[in-house]
Amino acid sequence: MQRVLQTLAQLYFYKRKMLEFFGDSMTTYPFQASQLEIICGPMMCGKSAELIARLDKFDYTYHTYQIFKPSTDTRDGDKVISRRGNQCLPAIVVDDKNTDDFYSKLNEDTHIIVFDETQFFSPSYIFVIENLR
């Protein structure tokens, strides 16, 4: 029991320190604004399963997300599919060369923007990602 109380006290201490550092932004968003995360690895290693697991957490919060995939990736249509976990999420297919197509389909109230299969996007999308802050 003493160990549990000690652990709870440590958690409370760290939470207070984080609130002092991040301020009110920590209570509204569990992640830092303009954060870039990359999931990479060889084929069939579970990248899509990891992506779906990370996004699954946001289904229970008020955070909205959009998944974009390039039109040249025709394997799964308009879905991101994890073959390991037999899970899928809807995705928005955009022209991989025309960034205006992405901007026209992006909702203003989206908190999290996901690009699936980024190797198929043209280099012009680097500019898009840099300006999504």
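**Note on strand pairing, side-chain contacts and surface**

1. In strand S5, Val 114 is the bridge partner of Ile 67. This is a predicted model, in which local features need pLDDT of at least 70 and side-chain atom pairs count only at pLDDT 80 or more, while totals for chains, interfaces and linings use all residues. Residues are numbered from 1 along each chain as its sequence is written, and side-chain values use heavy atoms, with hydrogens and water left out.

2. Start with the overall layout. The protein chain has five helices and five strands. Both kinds of element are DSSP runs, numbered from the N terminus: helices are H or I with at least four residues, strands are E with at least two. From the N terminus on, the order is α-α-α-β-β-β-β-α-β-α. Of the 133 residues, 23% count as buried. Here buried means under 20% relative accessible area, exposed means over 50%, and partly exposed lies in between (1.4 Å probe, protein chains only).

3. Look next at strand S1, residues 65-70. Five of its six residues are buried, leaving the strand mostly covered. S1 runs parallel to S5 (residues 112-115), and four bridges join them. S1 also runs parallel to S4 (residues 92-94), here with three bridges. On the S4 side, Ile 92 is the bridge partner of Phe 68. Two strands pair if DSSP finds at least two bridges between them.

4. How many salt bridges does the structure hold? There are five. The rule asks for a side-chain nitrogen of Lys or Arg within 4 Å of a carboxyl oxygen of Asp or Glu. In one of them, Glu 37 meets Arg 54 at 2.5 Å, N to O. Glu 37 sits in the loop between helix H2 (25-28) and helix H3 (47-56), and Arg 54 sits in H3, so the pair ties together parts that are 17 residues apart in sequence. Glu 37 is partly exposed at 46% relative accessible area. Arg 54 is partly exposed too, at 29%. A network of salt bridges links Glu 37, Glu 50 and Arg 54.

5. Two other salt bridges deserve a look. Asp 73 and Lys 69 form one, with the closest N and O atoms 3.7 Å apart. Both Asp 73 and Lys 69 are buried. Lys 97 and Asp 96 form another, with the closest N and O atoms at 3.2 Å. Are its two residues buried or exposed? Lys 97 is exposed, with 60% relative accessible area. Asp 96 is buried, at 2%.

6. Turn to the aromatic rings. Rings of Phe, Tyr and Trp (its six-membered ring) pair if their centres lie within 6.5 Å; planes under 30 degrees apart are stacked, over 60 edge-to-face, and the rest tilted. By this rule there are eight aromatic pairs. Phe 115 and Tyr 125 make an edge-to-face pair, 6.1 Å centre to centre with 75 degrees between the planes. Phe 115 lies in S5 and Tyr 125 in helix H5 (residues 124-130), so this pair ties together parts that are ten residues apart in sequence. Phe 115 and Tyr 125 are both buried.

7. Tyr 125 has a further ring contact. Its ring centre is 4.6 Å from that of Phe 121, and the planes stand at 50 degrees, so this pair is tilted. Phe 121 is buried, as is Tyr 125. One aromatic cluster is formed by Phe 68, Phe 102, Tyr 103, Phe 115, Phe 121 and Tyr 125.

8. Now the cysteines. The structure holds zero disulfides. For Cys 40, the nearest cysteine sulfur is that of Cys 45, 8.2 Å away. The cut-off for a disulfide is a pair of cysteine sulfur atoms within 2.5 Å. Cys 40 counts as exposed at 66% relative accessibility. Cys 45 counts as partly exposed at 32%.

9. Last, the surface. Which residues make the nonpolar surface patch of about 320 Å²? They are Leu 36, Ile 38 and Ile 129. Patch residues have over 30% relative accessible area and no salt bridge; like charges are joined within 9 Å, nonpolar side chains (Val, Leu, Ile, Met, Phe, Trp, Tyr) within 5 Å. Accessible areas come from the Shrake-Rupley method with a 1.4 Å probe; for residues, only the protein chains shown count as cover. Ile 129 belongs to helix H5. At 34% relative accessibility, Ile 129 is partly exposed.
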